[in-house]
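Biologist: I have a structure open and would like to learn how to read its features. Could you take me through a few of them?

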Amino acid sequence: MRPQLLDCIDGFAYQACGPARDRLDSVSAGFSALTGHSADRFTGDAGERYALLIDPQDQARVADAIAQAIATRQRFDVEYRLLRADGERRWVRERGIAVADATDAPPRIDGWVEDADAARRALDAAREALQRERRFIEHAAEGIFETTPDGRFLRANPALARLLGYPDPASLIERLNVARHRFYVDPQARDELLRRLEHDGRVEQFEARVRRADGRVLWISENVHAVRDDKGRLSRLQGTLVDISERKAQELRSATGALHDPLTGLPNRALLRDRLQHAIEAAQRRRRLLAVIVFDVDAAAATAPPLRPAVRDDLLRAAAARLPDCVRASDTVARYGAERFVLLLQDDVDAASIAQVTQRVLAELARPIPVDAHEATPRCSLGISVYPDHGTDADTLLRHAEFAMHEARRAGPNTFRMYTAELTHAVAQRVNLAGRLRQALQRDEFELHFQPKLMLVGARPVGAEALLRWKPAQGPGAPPSQFIPVAEDSGLIETLGQWVIDAACTAAVQWQRELGVPLPVSANVSARQFRHTDLVATVRRALAQSGLAPQSLEIEITESCLADDSGRFLRVLGELKALGVALSIDDFGTGYSSMAYLMHLPIDRLKIDQAFVAGLAADAPNDAILRAIVGLGHSLGLKVLAEGVETERQRQRLAALGCDEAQGYLFSPPVPLPRITAYLRDTLARAPDQAL
């Protein structure tokens with residue numbers, strides 16, 4: 001009975017002679033399963049030494065543990081790596097005891113060896129996760145804290161200490177725990193925070209004024225959630241804190257000057273266009289020239305890694321302060337976008353004066369700018385258009401100057417280009433393409449293809465992305481990479497975007513009806529749709545007309561949507577979220593990304609740009625970047641999806657990094673509606689039991 005019982009248990013029992021276990025007298029049936037070797041090879045008088053199966057790095061430690069146990073008449077319990085016959089190293093746990101008789105013969109050892117690999121790896125993974133969490137908190141740019149309900153700090157990270165003016169977290173905790181009542185300027189702020197926590201369990205974007213160690217007052221925004229004990233009582237507050245003093249100051253400046261940029265104090269877009277229109281009229285009357293110079297101050301290229309938001313603003317502000325010295329008093333310097341500036345030159349404009357101003361701007365911005373305890377030099381490329389040669393209205397002059405700027409950028413940083421006849425041909429091609437796109441809209445020549453999104457583990461489909469394709473009745477079409485930018489410039493993207501949302505909702509209803517499963521559809525939305533259309537009304541109408549449930553629609557946005565009007569951007573996102581639709585950031589990692597603003601966006605998913613996935617196998621830094629993006633997304637409670645997955649190796653690596661979902665040619669290219677429906681049906685049939 002005893003041998004059969006041992007044979008039913010994982011691992012193996014053994015008896016051996018001598019403390020070195022030079023020979024195993026007998027082993028149970030589990031020996032071969034665990035080691036991969038035949039038991040006959042290591043038992044009996046001619047058997048090989050069992051110690052040969054122990055990793056050389058562990059052999060001395062194991063021998064010492066057993067010898068000490070024998071000497072002290074104690075049991076031994078030791079873990080080590082076992083070398084299997086197939087070459088695999090596997091952690092095992094060995095326990096045993098020496099049994100001595102009355103003679104001087106060496107003691108017999110009765111022992112048990114069991115597989116400990118899964119438990120050991122789980123323990124190592126838990127330790128690594130804990131270390132990652134500690135590193136994340138230590139190196140996070142945002143302040144992270146944990147307090148008691150009465151305001152006593154239990155934990156704080158270095159970023160919070162720096163923000164509040166303390167040398168380290170320990171000093172912050174010691175000082176503020178002595179004078180807790182002095183943290184909030186308004187003594188009622190903590191009471192209001194606690195009241196909202198008791199009611200909702202979580203408070204987002206709680207704004208208040210606090211005191212730094214030096215007495216200076218900051219505006220801060222907190223995201224806080226409640227931690228309760230086993231009796232449901234509030235025991236701790238955990239959250240993040242960011243400095244919003246600059247934003248508050250900007251709001252104040254904006255309230256006092258609607259025609260000036262709050263960050264730089266320069267004329268804004270509205271004031272520039274007004275001055276440009278008046279300058280064109282004056283130049284027409286006097287038969288004079290005027291020049292428009294457009295350029296971006298590329299703050300992202302100034303340093304690596306990219307600057308934090310507050311430091312980026314400091315760099316833009318410092319760069320803008322140098323520009324007025326480059327022009328005459330009669331000229332205008334304006335901030336036209338997030339990093340875009342425009343110079344309007346009028347009165348006595350000629351080739352020499354344009355060249356002089358251009359050289360001054362390049363020279364001024366080429367000088368390093370002190371920011372964040374070091375120096376940064378932004379890249380800058382200038383485009384120039386001249387009235388009346390390159391346009392006779394404000395839109396044309398600005399557009400042609402932008403064309404010239406893009407040409408200068410292709411030539412290299414810190415260069416300039418004049419709008420020329422060569423660019424005219426390119427513009428003509430774009431105009432021709434825009435005309436064809438208008439006809440295509442009238443002729444209903446567009447269709448949607450769909451690319452599935454799947455869980456990385458289990459390959460369960462979680463939806464599909466709608467992608468626009470042009471199928472002209474006559475002649476060749478153009479790929480999206482060509483016609484989408486033209487549609488953006490011409491304004492056609494607004495009509496196309498509405499059609500895409502309507503068609504995507506209708507398609508999702510159809511495949512959900514055929515599949516019986518509510519798989520979401522996602523549609524891309526351009527920055528222009530945010531600025532120039534009532535996007536919320538468009539989505540609401542599409543959902544109502546199609547009958548699609550709001551949670552089955554996901555709107556994909558890019559970070560560029562935030563560039564011109566972040567306030568409107570956030571308001572529209574909030575209204576979309578209130579409808580019940582899901583929101584995701586597309587091509588994440590290619591633009592300016594920061595946890596400081598991500599934490600305020602009501603988004604559900606980050607989509608990692610395919611450029612990072614493509615270099616995953618060959619470029620080690622990509623591993624670190626992807627791990628950071630996945631960690632950032634998960635810390636904010638977001639799903640993380642990788643785009644452009646083309647190989648099984650990429651899929652496996654992304655899964656190992658903790659990425660949740662993927663799409664790409666490994667699974668399916670974009671396909672028409674009937675094929676995506678069939679693909680989803682087949683894929684669901686292969687993985688029916690996984691939850692969505």
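Modeller: Gladly. Buried means under 20% relative accessible area, exposed over 50%, and partly exposed in between, using a 1.4 Å probe and protein chains only. Before we go on, note that this is a predicted model, in which local features need pLDDT of at least 70, side-chain atom pairs count only at pLDDT 80 or more, and totals for chains, interfaces and linings use all residues. Residues are numbered from 1 along each chain as its sequence is written, and side-chain values use heavy atoms, leaving out hydrogens and water.

Biologist: Where does aspartate 298 lie, and which residues does aspartate 298 touch?

Modeller: Aspartate 298 belongs to strand β11 (residues 290–298). Helices (H or I, at least four residues) and strands (E, at least two) are DSSP runs, numbered from the N terminus. Leaving aside residues up to four places away in sequence, aspartate 298 touches Glu339, Pro378 and Arg379; contact here means heavy atoms within 4.5 Å. There is also threonine 377, 79 residues apart from aspartate 298 along the chain, with 9.1 Å between their C-alpha atoms.

Biologist: What do the totals for the chain look like?

Modeller: The chain has 23 helices and 25 strands, and 47% of its 692 residues are buried. Among contacts between residues at least 6 apart in sequence, 60% join residues at least 24 apart.

Biologist: How do I read two packed helices?

Modeller: Two packed helices are described by the angle between their axes and the distance between the axes. Axes are lines fitted to C-alpha atoms, for helices over the stretch in contact, and angles run from 0 to 180 degrees between N-to-C directions. Here, the axes of α15 (residues 492–515) and α17 (residues 535–546) come within 9 Å and cross at roughly 30 degrees. The two helices are therefore roughly parallel to each other: angles under 35 degrees count as roughly parallel, over 145 as roughly antiparallel, 65 to 115 as roughly perpendicular and the rest as oblique. Residues making this contact include Ile501 and Cys505 of α15, and Val539 and Leu543 of α17. The contact residues divide into 7 nonpolar, 4 polar and 2 charged. Ala, Val, Leu, Ile, Met, Phe, Trp, Tyr, Cys and Pro count as nonpolar, Asp, Glu, Lys and Arg as charged, and the others, Gly among them, as polar.

Biologist: And what about α9 and α12?

Modeller: The axes of α9 (residues 269–286) and α12 (residues 394–411) come within 10 Å, crossing at roughly 110 degrees. That makes α9 roughly perpendicular to α12. Arg273, Leu276, Gln277 and Ile280 of α9 meet Ala394, Asp395, Leu397 and Leu398 of α12. This contact comprises 5 nonpolar, 1 polar and 2 charged residues.

Biologist: How many aromatic pairs are there in the whole structure?

Modeller: A search finds 12. Rings of Phe, Tyr and Trp (its six-membered ring) pair if their centres lie within 6.5 Å; planes under 30 degrees apart count as stacked, over 60 as edge-to-face and the rest as tilted. Phenylalanine 145 and phenylalanine 153 are edge-to-face, with 6.5 Å centre to centre and 65 degrees between the planes. Phenylalanine 145 is buried, at 7% relative accessible area, and phenylalanine 153 is buried, at 6%. Phenylalanine 153 also pairs edge-to-face with phenylalanine 183, at 5.9 Å and 80 degrees. This pair links distant parts of the chain, 30 residues apart: phenylalanine 153 is in strand β7 (residues 153–156) and phenylalanine 183 in the loop between α6 (169–178) and α7 (189–200).
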